[in-house]
Amino acid sequence: MRRARTKLAVDGVLAASAFVTFASGLVLLLGLHAGRGALRTSALGLDRLVWLDLHRLPALVMLAALTFHLALDWKAFAAKFGRVPKRERRGPVPEHLHGTRGLICLAVWAAAITGVASWLAGGSGPTRGPEAGGVRHHLVDVHFIFGLAALPWSVHHLGHRWRWMVRVWRAWRS
């Protein structure tokens, strides 16, 4: 049961940090990035830098928890992707590559890479003032697209494991 508790703790941290990351990212997208928001310095009573920090810090926690999540579920993950046959001919992608794990991995890591790239490309918006264009703005657009794409697959993935998480939580409490 110790392993199940560890998995539950990691999955709980992952879910909580992903929720905060998504919520703050949504405020950044709708309030401080899209349309005239690119010229704003605050949204919902908080400065742009506060929202960026509320997005970046949980995102770092989320990536660390995701790494532990993959490490704890490595056998299942490897079994899922280890069955990929070598393609000798052109044809459709094997069915199991359409599963949520592959899509989540692709979307989350693409969002992480484009998020870090946008951070390195132009720093924080408030340190240089709001910007309505440029390379950083386009990287952030791609970052948002991948982040929004990861949401439904992540919710689907969590939904399939919810009963297990509740069962382990109840066993842990008693």
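Of the 174 residues in this protein chain, 35% are buried, where buried means under 20% relative accessible area, exposed means over 50%, and partly exposed is in between, with a 1.4 Å probe and protein chains only. Before going on: this is a predicted model, in which local features need pLDDT of at least 70 and side-chain atom pairs count only at pLDDT 80 or more, while totals for chains, interfaces and linings use all residues. Residues are numbered from 1 along each chain as its sequence is written, and side-chain values use heavy atoms, with hydrogens and water left out.

First, the overall layout. The chain has six helices and two strands. Helices here are DSSP runs of H or I with at least four residues, strands are E runs of at least two, and both are numbered from the N terminus. Along the sequence the order is α-β-β-α-α-α-α-α. The accessible surface is about 11,200 Å², and carbon and sulfur atoms hold 67% of that; the areas come from the Shrake-Rupley method with a 1.4 Å probe, and for residues only the protein chains shown count as cover. Among contacts with a separation of 6 or more, 68% join residues 24 or more positions apart. Contact means heavy atoms within 4.5 Å.

Now the helix pairs. Two packed helices are described by the angle between their axes and the distance between the axes. The axes are lines fitted to C-alpha atoms, for helices over the stretch in contact, and angles run from 0 to 180 degrees between N-to-C directions.

Take H1, residues 2-32, and H2, residues 48-72. Their axes come within 7 Å and cross at roughly 150°. H1 and H2 are therefore roughly antiparallel. The cut-offs are under 35 degrees for roughly parallel, over 145 for roughly antiparallel, 65 to 115 for roughly perpendicular, and oblique for the rest. The crossing of H1 and H2 is left-handed, meaning that the near helix is turned anticlockwise from the far one by less than a right angle; clockwise would be right-handed. The residues in this contact of H1 with H2 are 19 nonpolar, seven polar and four charged. Nonpolar covers Ala, Val, Leu, Ile, Met, Phe, Trp, Tyr, Cys and Pro; charged covers Asp, Glu, Lys and Arg; the others, Gly among them, are polar.

H1 also packs against H6, residues 135-173, with the axes coming within 9 Å and crossing at roughly 150°. That crossing is left-handed. On the H1 side the contact includes Leu8, Asp11, Phe22 and Leu29, and on the H6 side it includes Phe144, Leu148, Trp164 and Trp172. By class, the contact of H1 with H6 has 14 nonpolar, two polar and three charged residues.

Is His69 buried or exposed? His69 lies in H2 and is buried, because its relative accessibility is 11%. Setting aside residues up to four places away in sequence, His69 touches Val10, Asp11, Leu14 and His157. His69 and Ala9 are 60 residues apart in sequence, and their C-alpha atoms are 9.8 Å apart.

Beyond residues up to four places away, Leu66 touches Leu14, Val108 and Trp109. From Leu66 to Cys105 there are 39 residues in sequence and 9.8 Å in space, C-alpha to C-alpha.

Moving to H4, residues 100-122, we find Ala107 there. Ala107 counts as buried because its relative accessibility is 3%. Which residues does Ala107 contact, leaving aside neighbours within four places in sequence? They are Phe146, Ala149, Ala150 and Trp153. The C-alpha atoms of Ala107 and Leu148 are 8.6 Å apart, across 41 residues of chain.

Leu120 is also in H4. With 71% relative accessibility, Leu120 counts as exposed. Its C-alpha atom is 8.6 Å from that of Arg136, 16 residues apart along the chain.

Last, a backbone point. Most residues other than glycine have a negative phi, and most peptide bonds are trans. Leu44 is not a glycine, yet it has a positive phi of about 50°. Where is Leu44 found? It is in the loop between strand E1 (42-43) and strand E2 (46-47). Leu44 counts as exposed, because its relative accessibility is 72%.
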